[in-house]
Amino acid sequence: LNISNALLPLSGASLIISERADGYCSRVLRAQSNRKEGNSEFRLRVEGDPESYHPGSTYRVTVTAASPSYFRGFTLIAMKDGAEGDKDEDYAGNFQIIDEEETQFMTNCPPAVTESTPRRRTSIQVFWTAPPSGSGCVFLKASIVQKRIIYFQDEGLLTKKLCEKDTTDKPLLDCCACGTAKYRVTFYGNWSEKIHPKDYPRRANHWSAIIGASHSKNYVLWEYGGFASEGVKQVAELGSPVKMEEEIRQKGDEVLTVIKMKAQWPAWQPLNVRAAPSAEFSVDRTRHLMSFLTMLGPSPDWNVGLSAEDLCTKECGWVQKVVQDLIPWDAGTDSGVSYESPNKPSVPQEKIRPLTSLDHPQSPFYDPEGGAITPVARVMVERIARKGEQCNIVPDNVDDIVADIAQEEKEEDDTPETCIYSNWSPWSACSSATCEKGKRMRQRMLKAQLDLSVPCPHTQDFEPCMGPGCSDEDASTCMMSEWITWAPCSVSCGAGTRSRERYVKQFPDDGSICTLPTEETENCVVNEECCDNTEFSRRERMVKMPPADGSICGAEVLEVEKCMMPECPIDCVMTEWSEWSECNKSCGKGHTIRTRMVMLEPQFGGDPCPEAIQRKKCKIRKCNRGQGNSDEKKRRKEQREKRRSKQGRAEGNSEHPGCRMRPWSSWTECTKICGGGIQERLMTVKQKIKTAQLSSCKDRKEIRACNVHPC
C-alpha cells in the first residue's frame, strides 16, 4: 500500500514503497519502529457486516476511529487472496469516490484510495463494487497514519476478508432444463409505520403497479451498477409502468411473459383484509430469468424488485421455490434523500445502487452505526406446473411430484392465443342410461380466428361416462369451482365489505338449479385513522416580541402548502351486453350465451367487476331419432353459407335489401392493451326505401377481439 507524498512530511514516518515500472503499487514493506500491531482504535467495516459478496454488487466501506482517537491519513485497497499486488489482475473490484474533498485515487497506485488533504478526521467512506464471478476471496486492507505512527494490519480490525457468495445463487448463463415451467410470484409488502417509523408518510403511502417479465440473458430490465432506462425511471419517479411495459414488449422473443400486478393503496394492510398481489408466468430453456420492480411511494426514485432471478438449476431442472427479502434501491435519476423530498434530478444520471443506512442523516433508513436496513418487502416465487418432457438429473422429490399432480387435475386448455372462444358449455347427459360405458359432450363457440394460418382446435369435447348412480361422482349434483381470491375492500378508508366468488363447473343433468352460494361477503376495515379530504396543509407561528418602535411585524405567521391525498376509489366499468348467441343445439335442449368485457379495472378499493358471461336455456324443436346428426350437419352448413353470403354482400357494396347503408366506420381502439379486449365498428343507415320492411333496414354493429396476448 502507498501513502500520498503530501502526507509523508507531516507524519514524519518513513514508508518504503516497492513500485513496478508499469505504475502499479505492489505492497507496503513495514518499516521503522513507530508502527503498532493489534491496535483496536481503528476499524475497517463493510456495511451490513457481510461474510461474502455478490459479484457486481456495490457496498459502502468505512474506516473509523474510536473516540477520542483520530487519524490524519489513510490508504485503502482491495486485493485478491494470495496476490502480491504487482500485477493488474491482483486487484479486485473498483472503488468509487463519495466525497472528493475527503478522498481521492492514489496517483502512483490507481487501484488504491487515499485522503485528499491530510487533516484530523474520525471516519471516511467510499463505495466498493465487487468483482465479477470467479474472482474468489478478496482482502480489503487499510493503513492509518496518526502523527508519527503508522498502523497497518494483515489481520484484525483493519482487514476484512470477503469470499464470493455460493455460485449456485448466480444466474446460469446457459440453461439445460427441458420443457417449460409455470410459476406464481407473490409480493408481500412489509413497509409500514410500525416497522419503519422514521418520517413514515401516513397519507400517501403505496406500492406502485408491479411490472416485470420472464426473459433471456440478452435482456436486462434493471441491475445494480447499470443505468435506469426511461421505463425504469418512470416507475421509480412516477409509479407508472406504461413505458416499462412498452420497453418489455419491444424485446420480442427475448421475453416470454409480461408480469403485471396492481398498485396497493395503502402500502400495508393485514392479509385478512387484503390479499397479497400475485401473478403467474412461464419460463423455458432460453427465457429462464425473471425480473420485476415496483416503486415505494412517495419517494424520490426508490424501488424494490428482483433482477435476473434464475429459475433454472445446474441439474437441468426448474427451481421449486424462491423466497427473498427486499431492501429499497435508488434508480439514480433523482437526488432526494427523504420520502417527500422535492424533485431534484440527478445530473448526470447515476448508477442504480442499493440504499444504505449511511446515505444521509435525513434518510428514513439512516443508522449512524451503519447497520443493515430492515427489509421493506418479501417476494415468493413458487413453481406450480411443468409441461413437456423433463430432463432434470436429480430425481423429483415429493414436492415436485405433488405439484405436478395437482396441476394435472386442473390442467388448462392449450388454446392458441389467436383463437377466441366462448366458455365451455355444461356437460351433456351421458349417452348411456345404464352402467355400460358411454360418453358425454360439451361445446364452445369460436368467436374469432385472428390468424388464419394458425388452426383453431376443436369446439367439441368428449369424455367417458356411465349412467346415473354408476360413477363415483353422482351426475345429479352441482359441481362448484374453488373460491376466487377476495376482492379489495369496498372502501379505501374505514369500514366496508369485500366479497369473493365461485362458479358452477357442472349443472345437474336433470335440469334443476344449483342452490349452493356463488358469492360470499364479509366485513373489512381499511386504515381506521381516516383522513379528511382537505387539499392543503397549514402551519402557524406567533409573534413573540413586536418591534420596539411599535411598528407592525411584517413576517409571515401562516404558511400553507399542498399535500398529497389518497386516490379516490375507481369502480369497475363494463361494456354493454352483447346480443344473445344462437342456440348451441338445432334440436332438443341447448343453451345460448351473451358476454361483456371489462373496460376499466377497479382501482383504489373501487367496486369489483360483475359477471362477464350469462347463460340461459333454449329449445328449438324436438329431435327426430336417427336424423339428429345429419340434420345438425345440414343446419350448420346452411348457416355458414348464409353468413358468408351476408358478409360478402355487406362488405362488398355496403347495401341491405330495402335500404342504402353508409360504409363501415373505422375500428375503435381496443378496450385492453393485453389479455383480450374488443373493438367495434358501425354501419349506419343512409337512406330507407319506402317499400322496405322496418326490420331489414337498421344500423349494424360488428365486434372483434384484439390484443389477445397475455399480460
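**Aromatic contacts, sheets and local backbone geometry**

Tyr339 is buried, with a relative accessible area of 3%. The model in which this residue is described is a predicted one. Trp191 is buried as well. Trp191 and Tyr339 form a tilted aromatic pair, with 5.4 Å between the ring centres and 50° between the planes. The two residues of this pair come from distant parts of the chain, 148 residues apart. Trp191 is located in the loop between β14 (180–189) and β15 (206–207), and Tyr339 in the loop between β22 (329–330) and β23 (353–354).

Tyr339 also pairs with Trp302, in an edge-to-face arrangement with a centre-to-centre separation of 5.9 Å and an angle of 65° between the planes. Trp302 belongs to strand β20 (residues 302–310) whereas Tyr339 is in the loop between β22 and β23, so this pair ties together parts of the chain that are 37 residues apart in sequence. Trp302 counts as buried because its relative accessibility is 2%, and the cut-off for a buried residue is under 20%. Trp191, Trp302 and Tyr339 are members of one aromatic cluster, which also includes Phe187, Tyr200, Trp207, Phe292 and Phe365. The count of aromatic pairs comes to 14.

Charged side chains are placed over aromatic rings as well. Lys616 lies over the face of Trp580, at 4.4 Å from the ring centre. Arg681 lies over the face of Trp664, likewise at 4.4 Å from the ring centre.

Strand β14 takes part in an open sheet of four strands, arranged in the order β18-β14-β24-β21 with antiparallel pairing. The edges of this sheet are formed by β18 (278–283) and β21, each of which pairs on one side only. From one strand to the next, the twist averages 20°. Between β14 and β18, which run antiparallel, there are six bridges. Thr186 has Ser278 of β18 as its bridge partner.

Another open sheet of four strands has the order β3-β5-β10-β7, and its pairing is antiparallel. Its edge strands are β3 (42–46) and β7 (94–97), and each pairs on one side only. Neighbouring strands in this sheet are turned against each other by 25° on average, direction ignored. Seven bridges connect β5 with β10 (residues 123–129), and these two strands run antiparallel. Arg60 stands opposite Phe127, a residue of β10. In general, the strands of a sheet pair through backbone hydrogen bonds, in either a parallel or an antiparallel manner.

Helix α2 (residues 230–238) has four named buried residues, Gly231, Val232, Val235 and Ala236. These residues lie on the same side of α2, because they cover an arc of only 130° around the axis. The buried residues of α2 pack against strands β16 (210–215), β19, β20 and β22 and against helix α3 (242–249). Gly239 follows α2 and has a positive phi, near 75°.

Most residues other than glycine have a negative phi, and most peptide bonds are trans. Asp199 is not a glycine, yet its phi is positive, at about 55°. Asp199 is found in the loop between β14 and β15. With a relative accessible area of 49%, Asp199 is partly exposed. Cys316 likewise has a positive phi, of about 65°, although it is not a glycine. The position of Cys316 is in the loop between β20 and β21 (321–326). Cys316 counts as buried, at 12% relative accessibility.

The bond from Ser67 to Pro68 is cis, with omega near 10°. Pro68 is in the loop between β5 (58–65) and β6 (73–80). Gly297 and Pro298 are also joined by a cis peptide bond, with omega about 0°. Pro298 lies in the loop between β19 (289–297) and β20.

How values were computed. Residues numbered from 1 in each chain as written. Predicted model: local features only at pLDDT ≥ 70, side-chain atom pairs only at ≥ 80, totals over all residues. Heavy atoms only, no water. Phe/Tyr/Trp six-rings, centres within 6.5 Å; stacked < 30°, edge-to-face > 60°. Buried < 20%, exposed > 50% of the residue type's maximum accessible area, 1.4 Å probe, protein only. Lys NZ or Arg CZ within 6 Å of the ring centre and 35° of its normal. Pairing = 2+ DSSP bridges. Axes fitted to C-alpha atoms, helices over the stretch in contact; angles between N-to-C directions. Arc of directions from axis to C-beta. Contact = heavy atoms within 4.5 Å.
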